[in-house]
Amino acid sequence: MNSEVGEVFYEYGSGLYANITNRCPCRCEFCIRGMTDGLGTADSLWLKREPSAEEILLMLKEWNLSRYEELVFCGYGEPTERLDDLLSISRWVKENTGLRIRINTNGLADLIHEEETAPMLEGLVDVVSVSLNQCTAEKYDRLCHPRFGEKAFPAILHYTRDVQQYVPDVIMSVVNVIPEEDIASCRRIAAELGVPLRVR
């Protein structure tokens with residue numbers, strides 16, 4: 001832990017997780033950050049400030065990376081809010097380690113940055129897990145409260161379809177707090193997009 005910044009890296013399962021921002025365009029009603037300060041080995045994932053990419057790399061080099069199967073960009077914010085920094089860190093990891101790289105994302109990077117972002121991940125990211133979380137734009141808006149309103153849901157579907165061209169492994173996930181019939185509808189959406197769905 002860097003006392004000036006807060007906990008950027010934490011262990012969870014077989015992965016090393018990177019908590020690089022607390023910014024997020026959604027305010028999901030089920031979000032774990034509204035229930036607890038920490039996760040895995042981190043006592044608190046609330047950053048005191050966002051560390052620079054250079055600071056993150058210095059912290060990363062202090063970890064024994066051979067202990068982990070993957071580096072996962074996932075914390076108390078949406079990692080693609082810092083897309084350029086995420087990419088530069090991933091590039092270093094790819095050039096210097098054998099770690100697989102995964103992004104857990106809400107799939108709204110294109111709306112956040114107002115451009116197509118999936119091509120930027122090619123050759124750097126191995127797995128993208130997109131949080132679907134509901135089966136219609138209206139239900140997603142009510143559950144996740146994205147600042148983009150009902151434009152968010154079709155953007156998630158577009159991103160999931162697009163990113164499969166550039167990343168070898170793409171999955172979607174859904175929270176288990178929604179009704180079973182909505183989960184079933186989400187399964188159908190994922191199947192139509194050609195990706196598996198994980199219920200978490």
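I began with Glu114, which is exposed at a relative accessible area of 74%, and I note at the outset that I am reading a predicted model. I placed Glu114 in the loop between α3 (109–113) and β5 (127–131), and I looked up its phi, which is near 55°, a positive value in a residue that is not glycine. I kept in mind that most residues other than glycine have a negative phi.

Next I turned to Asn133, which sits in the loop between β5 and α4 and has a positive phi of about 70°, although this residue is not a glycine either. Is Asn133 buried or exposed? I found that Asn133 is buried, because its relative accessible area is 2% and the cut-off for buried is under 20%.

I then went through the aromatic rings, where the structure holds 6 aromatic pairs.

I went on to Tyr140 and Phe153, an aromatic pair that is tilted, with 6.2 Å from centre to centre and 50° between the planes. This pair links distant parts of the chain, since I found Tyr140 in helix α4 (residues 137–144) and Phe153 in helix α5 (residues 152–163), 13 residues apart. Both Tyr140 and Phe153 are buried.

My last entry on the rings is that one aromatic cluster is formed by Phe9, Trp63 and Tyr68.

Notes. Residues are numbered from 1 along each chain as its sequence is written. This is a predicted model: local features need pLDDT of at least 70, side-chain atom pairs count only at pLDDT 80 or more; totals for chains, interfaces and linings use all residues. Side-chain values use heavy atoms; hydrogens and water are left out. Rings of Phe, Tyr and Trp (its six-membered ring) pair if their centres lie within 6.5 Å; planes under 30 degrees apart count as stacked, over 60 as edge-to-face and the rest as tilted. Helices (H or I, at least four residues) and strands (E, at least two) are DSSP runs, numbered from the N terminus. Buried means under 20% relative accessible area, exposed over 50%, partly exposed in between (1.4 Å probe, protein chains only).
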